[in-house]
Amino acid sequence: MTTSPQAAPQGRRFGAAFAALALLAAACTTGTSSAGPTAGSTTAATAGSGTSAPTEAARPSGKIVVSNWDLYFPETLIADFTAETGIEVEWVKHTTNEDIVGKLDAANGTGYDVVLVSASFAEGLNNRGWLETLDHGLLTNISHLAPEADQLGYDPGNTFSIPYTWGTTGLCYRTDLVPVPPTSWNDLLKPAPELDKKVTMLATDRWLLLPALKVLGYSLNETDQAHLEEARDLLLETKKHLLAYDDTTFYSRLVSGEAALVEAWDGWCNYGIADETVGSKITYMIPSEGTDLWADTMTILKSSSNKPAAYAFIDYILRPEIAKTVVDLTLYKVPNPDAMALVDPAVMAQFPNLAMTPAELLEGEPLRDLGAAAPLWANIVTQITAGQ
Amino acid sequence: MLRRRLILLGPALAWWAVFLAVPVALVLAYAFLTRGTFGGVVPTFTLDNLARAADPLYLRVLLFSLRVAAIATLVALLIGYPAAYLIATLPPRWRTPVLILTVLPFWTSLLIRTYAWIVILNREGLINRGLAAAGLIDQPLELLNNEFAIELGLVYGYLPLMILPIYASIERLNPDLREASADLGGGPLRTFRRVTLPLTLPGIAAGCIFVFVPSLGNFIVPDLLGGGLSSMVGNLIQSQFLRARDWPFGAMLSLILIGLMGALLFFQAWLLGRQRREALDA
Amino acid sequence: MPDRPSRSIRSWGRWVLGLELALVLAFLYLPIAVVAALSFNASGLPTAWTGFSLEWYAAVARNEALLGAFGNTLIVGAATTIIATILGTLLALGLERAVRSTFLDTFVYVPMIIPDIVFAIALLSFYNLVFTSLLGLQLGLWTVILSHVTFGIAFVAVVVRTRLRHFDRSIEEASLDLGANELRTFRNVTLPAIAPGVVAGALIAFTMSFDEFIIAFFTKGTSETFPTQVYSMIRFGVTPEVNAIATVVLGLSITLVLVSQRLRGSLE
């Protein structure tokens, strides 16, 4: 509920009328996020009596719709948030970035308040004009973000996205099944004979091409067709020795021994490391040619009709003790040093890649939206998957 | 007659006019427009998408898909027809329950069943372990991440769509016809070939279409059971809309595919229609 | 008069068919058996059996999201089946008897030959334009039903038509001659005759709706259906909870079938 605006002495009569109007407007605006345009602003100018100082922002309330991967919010996060703020959160799940972006494409950027997508996709959504430009003043906990998180290539200064988790892509392998520890992406692209058909690569376009582009010394956001075709040729060779392109079950393939060396995101490798039977034999490393810096980010849609609540939600997640629970669940790093400091040392010890510092992470190349080059990339990937 | 047409055809066709024709036509129209720099569609007319579709890469994907779908359909037919025949000739009390039994597995998620196949087919899976334990093999068979697995997945996924229409068309066969044929000296095989088979042709046609068409457009099975190592038409179109965010080109590919299938189906409908007209005139 | 083929050959033929059906059922149920087995596996991973456990079933009972999604799918499936079966059957009758149009005969297949993603995007764009922007309505299960009915009609129509193709109309004509009106004739003569086609079509419509993911994902608004919920859980491969609920569904369905058989048997 709004507090009555401070009426200057000479405007007391106007003040009363104003208060009544404000209460009425507040009753209309406090509501579901799905309602139409909010019924009038509480700072509606009354006949210019020079009265009120700007009103305090209404305490966020109501309901927001959030889209995120399943099992990507800690179990109690939403319940606790609702208990504390009274804001209802409806968590809609998406399986891949492409799915949620496709849905937003078709619905013209509407349907949600907060959307969690990976960085390059966030940049893409912003290029379509669908993301709210973030007012950092409304995020009281933003000071907990690492300073390096301000220098992410896809969104310097975090103007339209706030990183939720971040990490790298590398090689995850079984120390007992791989005779010589890998040092380069070539150990994946040109596997040793005993690793034939025991290696997998990630299936999503950007990460499918990553090892080849790094080995050839090209950018991960390469748009030159000749360069991409070089990468393609390299990957067509690799395909002959590949077990599968796998985005989701590669760590269980490592655990079962079906695969010995896989391209993996660092957090996912931790799921293999967490296994009770063979976890101690699984290790993650970043090849010498370097890798990417990926981030999953939180964004607010411009079409949202309950932005205050959306900001409150994001702000809540930026609290160190909350961000720490994200680490516990996902075994990913969060760009929140205060949160990382709270993580159980035993956990940090079991999963070494959690200890990577933001400075080290910044050595990776951030993935950017491909813009007009996206069809070219899709074509190249089709040539690879359809090729012999 | 007009009133009958309205009552019978009206509801379905009206529904399709609103929820099928209009939305899909709007999207397919994009085939002649241009992709915006960041995705989206810009209303600039172009035939570029048609030119791009002529790339031999896409023809190769199409031919591969046609072959895979055709094999899956054939296998489903060979397996499904005898099963449907038996169900249709069971005592009436048992027909519907057994029919439902064949469909029941499909009331669990396709993804769950596909992952189960991975457990069965992979190197450490049930089949390989069983065969190794029986001493029949010393190297695990490669049953996954190849075309065999894709075929298996497609046949498995669409078998009930083959069985159900064939069942429906056999069920209405008058058993007296078969008796009569037998009385006149026709052996069971002959009766089948001359009497049963031709009369169940509509069911066979329907079953084949029900299996062939979705197989062509399937993208889950090539990804999971095929290990993502091959691309079918479904993956291709999916990729245009969701990865490349190139709706115009995706629409063009879809238009071509729909046109192709539509032509085949038109031909099939014309053939069946002609057969029916001849039968009525005879 | 030539000898009729001996009965033993014909019954031998039926044995072969019976064996074939048994093998087909074994093929269809093999993954189901695996799913059921995994749902009792304490370790949760398909790679190692660490003991019998019911913990995943307990997890399912606690998992409101999963149960809710499943309920939603039943609602969508039932509504889709009813509407699609009615409209599809009428359509089949109309195509067979009221018109003779190769174009319409082909058009019936159109919902099937449109790629899923195109359909999904088309419908969402359409709903967003007409329902949300114009009428201010939210997408939900009802829009999924609208979408599923659209291709359900096609399946029902095609299957029912196979039944109508060589239909002997003399019985219908006899009924009309004897004074029954068209509706009565339809109900008492035509419908029972085409019933297996209607049942088969309805089963297909239900099954397709039950397991449909991409169109549901795009048009469901903020609701969840069982496939969309399951697909979103594949972050880590299929969790044992999902196997557990699949087993439960199956168990319930089989029980239902057996019970209804018993009931019918005792009624006769």
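Which residues of S8(A) are buried on one side, and which on the other? Leu261(A), Glu263(A) and Trp265(A) are on one side, Val262(A) and Ala264(A) on the other, and all are buried. Buried here means under 20% relative accessible area, exposed means over 50%, and partly exposed is in between, with a 1.4 Å probe and protein chains only.

Some ground rules before I go on. This is a predicted model, where local features need pLDDT of at least 70 and side-chain atom pairs count only at pLDDT 80 or more, while totals for chains, interfaces and linings use all residues. Residues are numbered from 1 along each chain as its sequence is written, chains are lettered from A and ligands numbered from 1 in the order in which they are written, and side-chain values use heavy atoms, leaving out hydrogens and water.

Back to the strand. Strands are DSSP runs of E with at least two residues, helices are runs of H or I with at least four, and both are numbered from the N terminus. In a regular strand, side chains alternate between the two faces of the sheet. In S8(A), both faces are covered.

Now its partners. Two strands pair if DSSP finds at least two bridges between them. S5 of chain A, residues 169–174, pairs with S8(A) in the antiparallel sense over 5 bridges. Tyr173(A) stands opposite Leu261(A) there. S6 of chain A, residues 199–201, runs parallel to S8(A), joined by 2 bridges. Here Val199(A) is the residue opposite Leu261(A).

Next, the disulfide. The term means a pair of cysteine sulfur atoms within 2.5 Å. The whole structure has 1, counting over all chains. Cys172(A) and Cys269(A) form it, with their sulfur atoms 1.9 Å apart. Cys172(A) lies in strand S5 of chain A and Cys269(A) in helix H9, residues 266–273, so the pair ties together parts 97 residues apart in sequence. The torsion about the S-S bond is about 80 degrees, so the disulfide is right-handed. Cys172(A) is buried at 2% relative accessibility. Cys269(A) is buried at 0%. Over in chain B, Cys208(B) is partly exposed, at 21%.

On to the interface of chains A and B. Contact means heavy atoms within 4.5 Å. Chain A gives 37 residues and chain B gives 29. Together they bury about 2,700 Å², 53% of it on carbon and sulfur atoms. That area is the accessible area, with a 1.4 Å probe, that two parts lose on being put together, summed over both.

There are 2 salt bridges across this interface. The rule asks for a side-chain nitrogen of Lys or Arg within 4 Å of a carboxyl oxygen of Asp or Glu. Arg245(B) makes one with Asp105(A), closest N and O atoms 2.9 Å apart. Among the elements of chain A that each supply at least two residues to the side touching chain B are H3 (97–106) and H15 (374–386). H15(A) gives the largest share, 9 residues.

Last stop, chain C. Asn63(C) sits in the loop between helix H2 (55–62) and helix H3 (64–98). At 16% relative accessibility, Asn63(C) counts as buried. Not counting residues up to four places away in sequence, Asn63(C) touches Met233(C) and Glu241(C). A polar atom of the Asn63(C) side chain lies 3.1 Å from the backbone nitrogen of Leu66(C).

Note on methods: Polar contact = N/O pair within 3.5 Å; in protein donor to acceptor, adjacent residues only side chain to side chain.
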